[in-house]
Amino acid sequence: MKPSDFNIGDEFIMANGWRWRVTDTGTRVVVAIRIQPLVLQSKRDGKIRREEISEIEAEHYGWFDRPPYAVAELVFDECDVEDIEKICRKEV
């Protein structure tokens, strides 16, 4: 695949099984947020707490609504894009 094959709102899965949603595209890159799995980490009293929340919970809290997102955006370059398998296409 090439960056030009993506549109904002498209979803794809990487080889490791993580699902992503496209938030921006460029000539040579695709920018996306991870929508599954979502892991929260916090530190209290010197202990690290790790919790996974569902995509439905994150959607409910508005994590994916619009920039700025509550999750980090990641830039995929041309080499990364070759490893992407598109699983769903949303019209935006």
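This is a predicted model: local features need pLDDT of at least 70, side-chain atom pairs count only at pLDDT 80 or more; totals for chains, interfaces and linings use all residues.
With Glu59 it forms a salt bridge whose closest N and O atoms are 3.1 Å apart. Because Arg21 belongs to strand E2 and Glu59 to helix H1, this pair ties together parts that lie 38 residues apart in sequence. With Glu55, Arg21 forms a salt bridge in which the closest N and O atoms are separated by 4.0 Å. This second pair also links distant parts of the chain, with Arg21 in strand E2 and Glu55 in helix H1, 34 residues apart. Salt bridges that share partners join Glu11, Arg19, Arg21, Glu55 and Glu59 into one network.

## Burial within the network

Glu59 reaches 32% relative accessibility and so counts as partly exposed.

Glu55 lies in helix H1, which spans residues 55–60. What does Glu55 touch beyond its neighbours within four places in sequence? Its contacts are Arg19, Arg21, Ile35, Gln36, Leu38 and Phe64.

## Nonpolar cores

The largest nonpolar core has 10 residues: Phe6, Phe12, Met14, Trp20, Val22, Val30, Ala32, Phe76, Val81 and Ile84. The elements that contribute two or more residues to this core are strand E2 (19–25) and strand E3 (30–36). Apart from this core lies another, of nine residues, among them Ile33, Ala58, Phe64 and Tyr69.

Ile84 is one of the residues of the largest core. Leaving aside neighbours within four places in sequence, Ile84 is in contact with Met1, Phe6, Phe12, Ile13 and Met14.

## Aromatic pairs

A pair of aromatic rings is described by the distance of the centres and the angle of the planes. The count of aromatic pairs comes to three. Phe12 and Phe76 form an edge-to-face pair, with 5.5 Å from centre to centre and 80° between the planes. Phe12 is in strand E1 and Phe76 in strand E6 (residues 73–76), and the pair links these distant parts of the chain, 64 residues apart. Phe12 has a relative accessible area of 0% and is therefore buried; Phe76, at 4%, likewise counts as buried.

Phe76 also pairs with Trp20, again edge-to-face, at 5.1 Å centre to centre and 90° between the planes. Here the linked parts are strand E2, which holds Trp20, and strand E6, which holds Phe76, 56 residues apart. Trp20 and Phe76 are both buried. Ring pairs link Phe6, Phe12, Trp20 and Phe76 into a cluster, and these four residues are also listed in the largest nonpolar core.

## Other local features

How far is the charged end of Arg34 from the centre of the ring of Trp18? The distance is 4.0 Å, with the charged end sitting over the ring.

The C-alpha atoms of Ile8 and Asp24 are separated by 5.6 Å, although the two residues are 16 residues apart along the chain.

Methods:
Residues are numbered from 1 along each chain as its sequence is written. Side-chain values use heavy atoms; hydrogens and water are left out. A nonpolar core is a set of buried Ala, Val, Leu, Ile, Met, Phe, Trp, Tyr and Cys residues joined through side-chain atoms within 4.5 Å. Buried means under 20% relative accessible area, exposed over 50%, partly exposed in between (1.4 Å probe, protein chains only). Helices (H or I, at least four residues) and strands (E, at least two) are DSSP runs, numbered from the N terminus. Contact means heavy atoms within 4.5 Å. A salt bridge is a side-chain nitrogen of Lys or Arg within 4 Å of a carboxyl oxygen of Asp or Glu. Rings of Phe, Tyr and Trp (its six-membered ring) pair if their centres lie within 6.5 Å; planes under 30 degrees apart count as stacked, over 60 as edge-to-face and the rest as tilted. A charge sits over a ring if NZ of Lys or CZ of Arg is within 6 Å of the ring centre and within 35 degrees of the ring normal.
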